[in-house]
Amino acid sequence: MFELKSLVRPNILTLEPYRCARDDFKTGILLDANENTHGPALKDVSNEEETLELNRYPDPHQIDLKEQIIAFRNEKPNKFLKDYNQDKLTPENLCLGVGSDESIDLLLRCVCVPGKDKLLICPPTYGMYSICATVNDVALTKVPLEYPSFQVDIDGILNKVTKDSSIKLAYLTSPGNPTGKLLKVSDIVQLVESAASKWNGLIVVDEAYIDFTTSEADTASESMTTLVNQYPNLVVLQTLSKSFGLAGIRLGITFANPELSKYLNAMKYPYNISSLTANIALRATSIDSGLKIMSKYVLSIITQRNLLMDGLQKIDGVGRSIGGLDSNFVLVEILDKNKEPSNETAKALYNKLAVSNEVVVRFRGNELNCTGALRISVGTADENKILLEKLQKCLQEVYNESS
């Protein structure tokens, strides 16, 4: 049933990618791209900036960076990968974008006809899926995550997509946002396998927070990136914003089978990854330095996450952890004086923390099955200590003011 060529929009199938000046020649006296040959208009240029040749257009393909990314992911393949040698990742599996948001948008434009096709999401989930769908005039259909487990409803999704052929994409977030819950990999594999025989569409798994979850074994990974060659209808999104601490450089990664990746790379703007972004990303994904630092920070965040949750659970008025402990944040209920989850109390606490105490968290109570919820990022040990102290104080003030 799954057939990529009949899924991709006809205009994309015939799209010829923009031919860049640097596709042909990269060295010599380069007078082919209308660049400013005098150099960047900066008073002082560091040695590192000099080597980046900022007056020249960046590499449109970023093969060196892709090689480092796949080396990192191939090191711990998913336990459901059947043939590592045949299906391990290569640079042809990757399309790089300006954050995951560009990846989300590219996939929509690749397979969804505006005003005709649909995108399936599983609330509560990341808000950009809906925004990108609206911008592209793609209708939304929803299959909520099962509650209270916040796991994927396999039967519900299969029922929807098999009855409505206009659904072309299904977006899953694992670990979830705002839930912080890792979706069971076995469930997603079951969904991908079942969907392939019944539905011509793509299962897209957004793994922005995947490095904060703990694997069952040191030799395996919960990430589904290494499965995209085994399952052509699977796409995985990742970013350097979270575990790598590089939200400011805006680099997202799409992992897909080589044929789909070819179409996505043809669609993207030719110089979407700047030389500055690529330089930092190369350093961050290097084995000798960047990956060691990333792993150190992730372990620290996981440790602090557990301590933060323990501290929150001791505060009178903080209810359940309604999400999971698989991300760099937690999702907790805020209770009213009657010990019931309350959006009113949570909003008042959120505002009091931010306005008069300079501690900013996120109110998520309007999300499905998240009544009274605050999403709290895991800070440093000192930041978490301040948060716990001020949250306890402010919550008591909210209770007193509501008397």
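Q: Which residues of α6 and α7 are in contact?
A: In α6, D101, I104, D105 and L108 meet M128, Y129, C132 and A133 of α7, where contact means heavy atoms within 4.5 Å. This is a predicted model in which local features need pLDDT of at least 70 and side-chain atom pairs count only at pLDDT 80 or more, while totals for chains, interfaces and linings use all residues. Residues are numbered from 1 along each chain as its sequence is written, and side-chain values use heavy atoms, with hydrogens and water left out.

Q: What makes α6 oblique to α7?
A: Helix α6 (residues 99-111) and helix α7 (residues 128-135) pack at an angle of about 45°. Angles under 35 degrees count as roughly parallel, over 145 as roughly antiparallel, 65 to 115 as roughly perpendicular and the rest as oblique, and that angle therefore makes α6 oblique to α7. Their axes, lines fitted to C-alpha atoms over the stretch in contact, are 10 Å apart.

Q: Why are β1 and β3 said to stand at the edges of the sheet?
A: The open sheet has seven strands in the order β1-β7-β6-β5-β4-β2-β3, with mixed pairing; two strands pair if DSSP finds at least two bridges between them. β1 (94-97) and β3 (139-142) each have a single partner strand, so one side of each is left without a neighbour in the sheet.

Q: How do you know that β1 pairs with β7?
A: Four bridges join β1 to β7 (residues 252-255), and the two run antiparallel; the bridge partner of G97 in β7 is G252.

How values were computed:
Axes are lines fitted to C-alpha atoms, for helices over the stretch in contact, and angles run from 0 to 180 degrees between N-to-C directions.
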